[in-house]
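These are my notebook entries on a structure I looked up.

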Amino acid sequence: MAKQEEGREIQLKGKQNVTGAAEQTRPGPLFTPMVDICETENGITLLVDMPGVKPADLNIDLRENILTITGEISPFEGPDEQDLLIEYEVGQYFRQFTIPELIDRNRIDAQLKEGVLWLVLPKAEAAKPRKINIKSD
Amino acid sequence: MISRYWNLPVYGLRTHFEELDRMKRHLDQIFGQGSEARMSSRGAGVYPLVNLTETKEAYLIRAELPGVTPEDLDVQTTGRNISITGERKIPVDHTAKYHRRERESGRFARAVALPGDFDRDRIDASLKDGILRIMVPKAEEAKPKQIKIK
């Protein structure tokens, strides 16, 4: 079922700065995390790349039908470190999604593993596809 | 794979890129943007993004590698170079319907040239929260030494 795509080389995308009206609560750069969204019969899974974010600094908020994900990247440098080559900046991740009504809000599950957030949004029973048997005499 | 295996930055040599970089910094200063004094802010354009810093005792390399496990990662050293190679695996569920697919998967190779000699036997690498951190202790000759003035 789950198959691995092989033989491809990673293309560098870099961090994407947030464009548009994102309200900032802290100074510093704001990044849009890369995301995969896939839907099965049972629910919607979101995979969000958030390297450098500790579970304690991650915030997932669901209000009305807007899901907001914010993550603070802890500064990587110690006080006595001097920069030689800086390719990535640290700051905050921010992304919002509109969630359909059919999600069972009480069973939403979130896990942060190796800098990737796994967010599972199960569909409510009523929203699952159901096969209807057609009887014939 | 070889073609993407860059060996930047080149310390001590003034390249055309460095000239351009200086010019950009100069212009940034005029227009009041990002005037931080950095040795280089130029990337190699190769995945993963790497930050290199130093203390008196060691060089520190950090790379953003979300979702990469230690088993899929290989860190090697030759001469003054540290190379990071590996594969980022993202399993694809072909029965599911994808609304967004922005995360990249595939193989990667990156080399970082350090500006000084180091002790290759005491290099320490760890992977936490999607960040690879490589601590490279400097060789005695590469450490700063205070010279007494009589």
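Entry 1, terms. I call a residue buried if 20 or more other C-beta atoms lie within 10 Å of its own, exposed if 12 or fewer, and partly exposed in between, with C-beta atoms placed from the backbone. The model is predicted: local features need pLDDT of at least 70, side-chain atom pairs count only at pLDDT 80 or more, and totals for chains, interfaces and linings use all residues. Residues are numbered from 1 along each chain as its sequence is written, while chains are lettered from A and ligands numbered from 1 in the order in which they are written.

I located Asp104(A) in the loop between strand S9 (92–98) and strand S10 (109–113) of chain A; strands (E, at least two residues) and helices (H or I, at least four) are DSSP runs, numbered from the N terminus. Leaving out residues up to four places away in sequence, I found that Asp104(A) touches Pro122(A), Lys123(A) and Ala124(A), where contact requires C-beta atoms, placed from the backbone, within 7 Å. I also noted 9.7 Å between the C-alpha atoms of Asp104(A) and Ala126(A), which are 22 residues apart along the chain.

I recorded zero helices and 11 strands in chain A. Of its 137 residues, 27% count as buried. Among contacts between residues at least 6 apart in sequence, 51% join residues at least 24 apart.

I traced an open sheet of five strands in chain A, with the order S2-S3-S9-S7-S6 and mixed pairing; two strands pair if DSSP finds at least two bridges between them. Its edge strands, each pairing on one side only, are S2 (16–17) and S6 (53–63) of chain A. S6(A) pairs with S7 (residues 66–73) of chain A in the antiparallel sense over seven bridges. In S7(A), Ile73(A) stands opposite Val53(A).

How many residues of chain B are in contact with chain A? I noted 50 residues of chain B in contact with 40 residues of chain A. Strands S2 (50–54) and S3 (58–64) of chain B are among the elements that give two or more residues to that side of chain B. Across the two chains, S4 (residues 35–39) of chain A and S7(B) run antiparallel and are joined by four bridges. I found Arg101(B), in S7(B), as the bridge partner of Asp36(A).

Technical notes:
Contact = placed C-beta atoms within 7 Å.
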